[in-house]
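Colleague: I would like to learn how to read the packing of helices and strands in a model. Please take me through one case.

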Amino acid sequence: MPLIIKDEYPKKLFREDGKRLDGRDKHELRPIKMEVGVIKNADGSAYLEWGNNKIFAAVYGPRDVHPHHLAKSDRGILRIFYRMATYSVFERKRPAPGRREKEISMVISDCLEPVLFLELYPGTSFEVFIEVIDADGGTRCAGTTVAALALADAGIPMRSLVTSVALGKIDGEIVVDLSGIEDKAGQADLPCAITWFNDQLSLLQFDGDMTLEEMNKCLDLAPDILKRIYEMQLNALKEKYLKIREEVNKSEEIATEGGEQ
Amino acid sequence: MMNVKRVISAIERDYILNNLKKDKRIDGRDLWEYRDFHINVDVVKSAEGSADVTLGDTRIISGLKYEVGEPFPDTPDEGVCTMMAELLPLASPLFEGGPPNEQSIELARVIDRGIRHADCIQTKKLCIRENKAVYILFLDMFVMNYGGNMIDCGGVSCLATLISAHVPEGVFNDENELIWTGKYLNGKHIVNELPFVITFGKIDDIIFMDPNLTEELLSDGSISISVTENKITSIQKSGSATFSIDEIKMLCEKSIEIGKKLRKELDLWQYLIQKA
């Protein structure tokens, strides 16, 4: 007998005051919190809270490729491992990686590859592990965003950061950043990611139905929304170095005070 | 990046060993001292209970999910709790992806045995109807950073998860259908006894508790002892180290003493969550 409490979807995804179920406006993002350097053992790491999504990413590399036959003699390879914790979803996920996780790993890998200078690292691999601890819609976008942040934290040369967000249609209206319920009960879902060095989309998927006008509206809307998240990514990266500077200043103060005595 | 390597140089080994002989540790602790525990509960909204526990640099996030299923034929009125641990490759360059390996199975098994034999989980209260429907709890641990001694960290994280749990309460109505009352079973319903598992490492003839990463990689082996208030519930010796009978007796006594201290200091019942 499986789980019995039913995953019920509300009939309407807008409240009477015109706001979405979680109180957001149509073009409003969920609260986002980012931090880098959260996993000590990793070469680079980042943590992202995006609404109820909680995601860790860690980067190891450049390092030896294992299994060896995957290595390329003329360039490095980027391997993404997107995984969800068994308890991150409503119904317990089986521990082994499923088809969905493998597909998302591949999509994110294809999305991030253009910003890396892989040709400079022949015979090695960069491995990015994305671990979703808590999921509530839009984890592939959040995963891409946090993976880019972790790569930057690892000090790996990049052409630019990558930022991702989902747009979609619920109850006939175009909205940004779909939550779990909106994703399941909505009419369309359009995750996209931008590589900032050329301002082009490097991840694009679409499920649902939209007219041509609606699609155009979404695509016109995307850059502004992505820009907002991009600013947060930059701030998260700067934050780490500001903290270090603060510590250095503090220790210098202590040193000079000690000298005066 | 913290320096994680499989092989530790002879110089580092000698330095650590010489200090251990003088009752000193590289991180400034004495031989019978834990690193600091930090506990956060209910960090995962999708889970029916969760805890984020760090012990020094080791960090484990565990979560609880449940299903309603049929009981085992030999225990028709008891719920089931299964444990799983995953050593995520994200946590350390020493970990690789793939199906559970010996190390992760041992981690889950040692904690599971400690909890099972201590009568920690009130399995009879997890029965909805005899022979027909019981709760099956899945307690999954994910290692987020490996800094030595995952067993003790995992043990505390499992207990904190169970205590902070809130599993929907189901009953059978007159038509023999399972319905949800809208109430929740909390930690008080699920947890009875709190067993702590305490791990000691051994290098040459020196025994010390809570090995950190370098000490763990250097150790010949370790011994994990699960204790309740005044009883020992399980022991696991692992690695190639050997322990004398006197040493085991000393460690058992020590474990009970440390267990009592830990029980008081961590005060895990403060993480109980009351949900309507």
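Modeller: This is a predicted model. Start with helix α2 (residues 102-117) of chain B, which lies across β9 (196-203), β11 and β12 of chain B.

Colleague: What angle does helix α2 of chain B make with β12(B)?

Modeller: Helix α2 of chain B runs at about 165 degrees to β12(B). Angles here run from 0 to 180 degrees between N-to-C directions. Helix α3 (residues 150-163) of chain B also packs on the sheet, where it touches β9 and β11 of chain B. The direction of α3 makes about 175 degrees with that of β9(B).

Colleague: How do strands of a sheet pair?

Modeller: They pair through backbone hydrogen bonds, and the pairing is either parallel or antiparallel. In chain B, four strands form an open sheet with antiparallel pairing, in the order β10-β9-β11-β12.

Colleague: Which strands of chain B stand at the edges?

Modeller: Those are β10 (206-209) and β12 (232-239) of chain B. Each has a single partner strand, so one side of each is left without a neighbour in the sheet. From one strand to the next, the twist averages 20 degrees.

Colleague: How many bridges join β11 of chain B to β12(B)?

Modeller: Seven bridges join strand β11 (residues 221-227) to β12(B), and the two run antiparallel. Val227(B), for instance, has Ile232(B) in β12(B) as its bridge partner.

Colleague: And chain B as a whole?

Modeller: Its secondary structure comes to six helices and 12 strands. The radius of gyration of chain B is 20 Å, close to the 19 Å that the globule rule gives for 276 residues, so chain B is as compact as a globular protein of that length. Of those 276 residues, 43% count as buried.

Key:
Residues numbered from 1 in each chain as written. Chains lettered and ligands numbered in written order. Predicted model: local features only at pLDDT ≥ 70, side-chain atom pairs only at ≥ 80, totals over all residues. Rg over C-alpha atoms; globule rule 2.2 N^0.38 Å. Buried ≥ 20, exposed ≤ 12 C-beta atoms within 10 Å, placed from the backbone. Pairing = 2+ DSSP bridges. Contact = placed C-beta atoms within 7 Å.
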